[in-house]
Structure formats: structure tokens, C-alpha cells
Amino acid sequence: TDGNAVTFPFAMPAEDLTITAKFETAFYTATYIADGEVFAAYSVSYGGQIPVPESTPTKEFYTFDSWTAIPGKMPAHDVEIEAIFTPVPVRLIAAPDSTTVIDRDNKIIYGLDTMLTAAVIDEDFLDVEGDGTLVITGVTSTRYGTGTVVEVIDNNTGAVVETYHIVVFGDVNGDSIADATDVSIIRGEAYFRTDWSFETEYVDG
């Protein structure tokens, strides 16, 4: 055919013909998907090596682990490769640049300021790592000192994953202020004059 393309069918001439097949390399698409979105896509020739993205995807409250199985060679079809993420464990942490101390063994929090409110505790002293929420329950509706309960809720499961009690040193009546009232209570306790004097067992909750 003198190098010209042949369109079939055509009329056979009165002589022998040699028809040579012409092949082109086939390309297919390898698409990397992260959290439902296209993270990267590559056009790869059949049998070629599939490249791996140099950067890794991110997802809030998760860490990137790896990609699902990447074929050793590009097959004769498009492929999709999914990112695998692991949830960041939900736990209580100190707010950045705060004086908060979290005693995980004894489940208490200290190092906080005085004159506390739920908003101040949440915004200035405590934070949550992972997809969680803080629930802060004061000693009363207006007192957020010693005895205040801090619960960490996993937003995905709704479960309470951690529970702590706040301790404000010097504050024994739960108003987050160490003053003469606390001194009086401590003195009364020393002389067995408070309601606590006759308690023999503490039951959490």
C-alpha cells in the first residue's frame, strides 16, 4: 500500500498484496483518590510503571497511612487507587501556651487560673486532639473550680472516651477562688465540723 492507510473493504487488484499492521502504544489512566476527591492522575502506557505521588494527602482528624494496592505494571484498563486514612485518637490535651497540666494516671487537671468559667476553661486551658468535643460540668451552674468534671466526647461514636476532674489548689468549695472561705472550710474540717468529716468512702458520680 506504499505506506498509505487502507480502508476495508476494497477491491482486490490483479496482483498479490502485502498488508502490514500498524500498532500504537495504548495509554490508560491511573487515578489516585483521597477522601472522595481526585488527588493525582497519570497517563501510563500499557505495561508501564505507575508513578506514586511525591506528596501525601491530608484529611482533618486523620493521618494518612498508605495507598491501596498499586499494580506492578499498568493493565489494559484504567485503575483507581484509594488513600487509606486512620482516625487520630480522641483525647484531651492542653491548650497551646497554657499552664495546664493533665495528670492522665489520676484523671485530674490542674495548673489553671482562678475565676474560671466554662468558656475560659474551654478556650484558654483545654483542647481536644482528634474529632472530639469537651463537655464541662461545673460544681454548680456558676462554679467551675475544684470538682468540675471535664468529659471528652468522640464525635464519631458519641461515646465518652475520657473523664477528668479539675483541681484548683486552695479552692475547696468549687468556686475557683482560694480565699478566706476555703480557709474556714479547711479549718472546720480539721476540727471535724464539716459535712465531709464523717464521710468514709468517696464514690465517683
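Predicted model: local features only at pLDDT ≥ 70, side-chain atom pairs only at ≥ 80, totals over all residues.

Residues are numbered from 1 along each chain as its sequence is written, and side-chain values use heavy atoms, with hydrogens and water left out.

**Entry: aromatic rings**

I took rings of Phe, Tyr and Trp (its six-membered ring) as paired if their centres lie within 6.5 Å, with planes under 30 degrees apart counted as stacked, over 60 as edge-to-face and the rest as tilted. My search of the whole structure gave 6 aromatic pairs. One of them joins phenylalanine 64 and phenylalanine 85, and it is edge-to-face because the planes stand at 70°, with the centres 6.0 Å apart. Phenylalanine 64 sits in strand β3 and phenylalanine 85 in strand β4 (residues 79-87), so this pair ties together parts that are 21 residues apart in sequence. For strands and helices I used DSSP runs numbered from the N terminus (helices H or I, at least four residues; strands E, at least two). Phenylalanine 85 is buried at 16%, whereas phenylalanine 64 is partly exposed at 22%.

I then turned to tyrosine 110 and phenylalanine 169, a tilted pair with 5.5 Å from centre to centre and 55° between the planes. Tyrosine 110 belongs to strand β7 and phenylalanine 169 to the loop between β11 and α2 (180-190), so parts that are 59 residues apart in sequence are tied together. Phenylalanine 169 counts as exposed at 61% relative accessibility, and tyrosine 110 as partly exposed at 26%.

Which residues do ring pairs link into a cluster? I noted Tyr32, Phe39, Tyr42, Phe64, Trp67 and Phe85.

**Entry: salt bridges**

Here I counted a side-chain nitrogen of Lys or Arg within 4 Å of a carboxyl oxygen of Asp or Glu. The whole structure holds 3 salt bridges.

Lysine 59 pairs with aspartate 35, the closest N and O atoms being 3.4 Å apart. Lysine 59 is in the loop between β2 (37-45) and β3 (62-67) and aspartate 35 in the loop between β1 (27-34) and β2, so the bridge ties together parts that are 24 residues apart in sequence. I found both partners partly exposed, lysine 59 at 27% and aspartate 35 at 49%.

Glutamate 129 bridges to arginine 91 at 2.9 Å between the closest N and O atoms. This links strand β8 (residues 126-129) with strand β5 (residues 91-94), the two residues being 38 apart.

Arginine 104 meets glutamate 162 at 3.3 Å, N to O. Their positions are 58 residues apart, with arginine 104 in the loop between β6 (101-103) and β7 (108-110) and glutamate 162 in strand β11 (residues 160-166).

**Entry: glutamate 162**

Is glutamate 162 buried or exposed? I have it as buried, at 12% relative accessible area, while arginine 104 is partly exposed at 30%. Taking contact as heavy atoms within 4.5 Å, I listed its neighbours beyond four places in sequence, among them Arg91, Lys107 and Val150.

How values were computed
Buried < 20%, exposed > 50% of the residue type's maximum accessible area, 1.4 Å probe, protein only.
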